[in-house]
Amino acid sequence: MRGKIIEVLPDSIAEEIGIEAGDELLSINGEQVSDLIDYNYHCAEDFLLMEIKKPDGEIWMCELEKDADEEIGLVFASNVFDRIRPCRNHCLFCFIDQLPPKPRASLLLKDDDYRMSFLEGNYVTCTNMDEADYQRISALHLSPLYVSVHTVDPLLRQRMLGRKEPAEILLTLQRLIAGGTQIHAQIVLCPGINDGEHLQRTLDALYALHPGILSVAVVPVGITKYQKNPELRLFTPKEAREIIRLIEGYQEKARAEHGDSFVFAADEFYIRCGQPFPPAAIYGDFAQIEDGIGMAALFLQQWEQCRRNLPEQADGEHIGIVSGICGAAVLGDAVSEMSRIPGANVELLAIPNSHFGETVTVTGLLTASCIMKQIRPGAFDRLIIPDNMLKFDEDIFLDDVTVEQLSERLRIPISIVDSHAASLLDAVFYENQE
């Protein structure tokens, strides 16, 4: 087990003692370091003896003294230094099993590692944990964790996870909570499988564990054109409305009894049935925003705050704002308002997903090939794309085309923006100003 160091922060302790990018951390104070959890735990000590392996194989023993809260300055290639635990389930709704042929290798990693849940907010099923894991979670007070529940019925959960034995979850959640860990839960909802009465029983059971269960995200199953399971389908608008109505009932109860909303429907449900998004205040601290919970409400709140910065005049540049179908439902009013500015020539481009199939409507899963099929070369002076369409550490799409390559093929300059409404406004009107 070793931690590959990819960066040493300037003016840090690590730089001062000669640690460099490319080195590997082997141990601290004689203890192996298997992940960032171990690293942070040991680095809370005042005195450290760090075993470092240099690229040529030389071993350094580095002694250092520091304040307990002083950072050492190391950045690692991964938060887990040993092998990430892969998922051993065969979920009937698994999105990875629905990928196109020959996807990027990193997309095929099925992670079911509680350490990645704590460190990065990844969801785990807890079917991959042993007694030592529970002891470590409790001893190190690892909280919160993000847990894929789906249903509290062990037999139905067994079927949904594709396991050979009943997949109990309530006792697991109770044990984690008793050990001091709070949970953000997820329910991937599949029409006719774990919705209806099953969903209600699951929410009742999870609500009984509040505040050990901090929040519950209810998200619709994602289906690509490569899906081969005949059981799976999209929710109808009527079904989406019924799910929202059920969840709103639990929210009212939770706010009255606990002061928070507890359970949330994914933005996709509101878009599916054409129902207005709830106000941003409903989502509290947006703990499940990475799961598509409250993104729309947050953007709309941000737009209300930043629209006062709209200019009185635009420069006439023809700008295309690239979005998925769901994203366009959120951006529509803001782009319409921007386009009414004198001299503005702004167009919202709702791009269907030809790569995964048109049933996939989220913006983050659009690829360069999707964009190229919809936009004629030279059709715009500039395109604006959101950064969630790109690899987190590189300007490259899911189909391995870079932003630069897309720009060259379309003969259009491309601007990249983050999800904040102010970033979009600035990119449209102020990016080219000195």
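Visitor: Which residue does Arg175 meet in a salt bridge?
Guide: In this predicted model, the side chain of Arg175 meets that of Glu131 in a salt bridge, with 2.6 Å from N to O. The pair links distant parts of the chain, since Arg175 sits in helix 6 (residues 170-178) and Glu131 in helix 4 (residues 131-139), 44 residues apart.

Visitor: And are those two buried or partly exposed?
Guide: Arg175 is partly exposed, with a relative accessible area of 38%, and Glu131 also counts as partly exposed, at 41%.

Visitor: OK, what about Asp113, which residue does it pair with?
Guide: Asp113 forms a salt bridge with Arg115, and their closest N and O atoms are 2.8 Å apart. Asp113 has a relative accessible area of 0%, so it is buried, and Arg115 counts as buried as well because its value is 4%, where buried means under 20%.

Visitor: What about Arg233 and Glu239, how far apart are their closest N and O atoms?
Guide: Those atoms are 2.7 Å apart in the salt bridge that Arg233 forms with Glu239. Arg233 is partly exposed at 34%, whereas Glu239 counts as buried at 18%. Elsewhere, salt bridges that share partners join Asp35, Asp38, Asp82, Asp113, Arg115 and Arg136 into one network.

Visitor: How many salt bridges does the whole structure have?
Guide: A search of the whole structure finds 17 salt bridges.

Visitor: Switching topic, where does Asp67 lie?
Guide: Asp67 lies in the loop between strand 5 (59-65) and strand 6 (74-76), and it belongs to a surface patch of negative charge whose members include Glu63, Glu65 and Asp69.

Note on methods:
Residues numbered from 1 in each chain as written. Predicted model: local features only at pLDDT ≥ 70, side-chain atom pairs only at ≥ 80, totals over all residues. Heavy atoms only, no water. Patch = residues over 30% accessible without salt bridge, like charges linked within 9 Å, V, L, I, M, F, W, Y side chains within 5 Å. Areas by Shrake-Rupley, 256 points an atom, 1.4 Å probe, with all protein chains shown as cover. Salt bridge = Lys/Arg side-chain N within 4 Å of Asp/Glu carboxyl O. Lys, Arg positive; Asp, Glu negative; His and termini not counted. Charge placed at Lys NZ, Arg CZ, Asp CG, Glu CD. Helix = DSSP H or I, 4+ residues; strand = E, 2+ residues; numbered from the N terminus. Buried < 20%, exposed > 50% of the residue type's maximum accessible area, 1.4 Å probe, protein only.
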